[in-house]
Amino acid sequence: MTALKNDRFLRALLKQPVDVTPVWMMRQAGRYLPEYRASRARAGGFMDLCMNAEIACEVTLQPLDRYPLDAAILFSDILTIPDAMGLGLYFETGEGPRFRKVVDTAEAIEALPIPDPEKDLGYVMNAVRTIRKELNGRVPLIGFAGSPWTLATYMVEGGSSKDFRKSKALLYDDPKAMHMLLDKLAQSVTSYLNAQILAGAQAVQIFDSWGGSLSSAAYQEFSLAYMQKIVNGLIREHEGRRVPVILFTKGGGLWLESMAATGVEALGLDWTCDLGVARQRVGDKVALQGNMDPTVLYANPAAIEKEVGRILESYGNGPGHIFNLGHGITPEVKPENAGAFINAVHDLSAKYHQD
Ligand code: CP3
């Protein structure tokens with residue numbers, strides 16, 4: 001395997017010294033880039049793009065060719081797992097993801113198969129292998145999956161939801177059925193992430209995009225407990241290196257201590273948390289990733305730099321911070337503003353890493 005030329009992302013995840021704060025952006029390959037829109041059109045559609053290893057690799061590298069990012073993230077989607085369980089994922093233009101089949105009864109949950117990652121999701125592993133080869137050690141490659149709770153919301157609702165009416169009703173009406181669904185998803189996610197690691201992913205992130213919609217009690221029982229199961233089952237060393245795990249619960253600021261106790265290397269924070277306070281709360285346990293409000297990227301470059309400076313100052317001196325947005329970059333952002341953001345992180349952070 002080729003040696004890594006830039007490993008500051010992996011070093012920061014392990015709280016090892018770095019020269020500047022590493023940075024990447026959630027959803028860094030996507031519609032704000034005209035070259036992404038061209039590749040998607042050439043592939044035929046979003047899922048065709050995910051299933052074509054060459055084009056998935058091409059769009060993974062597009063943001064890296066534009067900006068000095070410190071990590072690449074596999075181009076795919078969290079909804080590949082429910083698709084492989086037979087739900088029939090499709091995208092209606094401008095409407096977000098939809099499923100042909102909804103899973104909202106105990107019987108439907110019972111009938112769900114647990115996908116075999118190499119057999120049923122082989123296209124994802126092919127993309128990982130192709131990207132790793134093409135990266136040739138430039139930066140580390142992040143693999144990812146959705147959390148069981150976040151995946152369950154899409155499966156029960158049949159797509160995106162604002163209030164999670166059906167998924168929360170099922171959780172309270174029939175907690176046993178919800179637990180069965182979450183358990184199947186935890187098993188599926190564990191083997192899916194392990195297959196990504198064996199195929200070449202050098203760190204993995206679990207996206208719990210909708211954990212923050214739950215009450216504290218429900219979060220512990222229906223989201224965190226299943227992420228803990230996943231963490232317990234993950235391969236943690238590969239190619240002679242630690243494979244760090246990042247847990248990102250959007251809206252999870254109240255639960256940082258219990259998230260840190262799962263044994264992951266890092267927590268992803270949304271923009272509602274104060275990074276300095278979060279650092280005090282988790283102590284030496286985990287590194288922190290985040291957390292600029294993605295809408296700051298609609299402002300001018302000077303305002304973006306100011307906000308980057310404020311966040312760096314709030315984390316303070318020393319390693320253990322990976323700069324990111326507090327959620328994914330949005331399609332309306334001007335590409336040059338993303339560039340101003342990334343350059344500001346590198347330019348303004350050197351002084352926090354001097355000893
Ligand atoms: O970060 C990256 O660049 C890697 C690729 C990536 C995508 N989706 C590509 C994508 C990642 C990490 C995801 C994760 C994902 N997918 C999440 C968790 C992260 C989050 O934002 O909370 C969720 C909830 C999904 C489900 C999903 N996929 C939704 C809700 C949508 C539609 C909304 C939207 O942003 O368009 C998608 C589609 C999707 N996934 C797109 C991309 C680039 C846009 C599809 C298109 O090109 O039309």
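Helices (H or I, at least four residues) and strands (E, at least two) are DSSP runs, numbered from the N terminus. This is a predicted model, in which local features need pLDDT of at least 70, side-chain atom pairs count only at pLDDT 80 or more, and totals for chains, interfaces and linings use all residues. Residues are numbered from 1 along each chain as its sequence is written, and side-chain values use heavy atoms, with hydrogens and water left out.

**View A. A cis peptide bond joins Gly290 to Asn291.** Omega is near 0° here. Asn291 belongs to strand S10, which covers residues 287-292.

**View B. Arg27 has a positive phi without being a glycine.** The angle is about 60°. Look for Arg27 in the loop between helix H1 (8-13) and helix H2 (34-43). Arg27 is exposed, at a relative accessible area of 57% (exposed means over 50%, buried under 20%, partly exposed in between; 1.4 Å probe, protein chains only).

**View C. Glu239, also not a glycine, has a positive phi near 55°.** Its loop runs between strand S6 (237-238) and strand S7 (241-242). With a relative accessible area of 37%, Glu239 is partly exposed.

**View D. Here is the largest cavity, with about 40 Å³ of space.** A cavity is a set of points, on a 1 Å grid over the protein atoms alone, where a 1.4 Å probe fits but cannot get out; lining residues have an atom within 4 Å of a point. Points are joined across faces, edges and corners, and the volume is the space filled by probe spheres set on them. The count is one cavity of 30 Å³ or more. Lining residues of the largest cavity include Thr21, Leu312, Tyr315 and His353.

Terms used: On a 1 Å grid over the protein atoms alone, a cavity is a set of points where a 1.4 Å probe fits but cannot get out, and a pocket is an open set with protein on both sides within 12 Å along at least five of seven lines; lining residues have an atom within 4 Å of a point.
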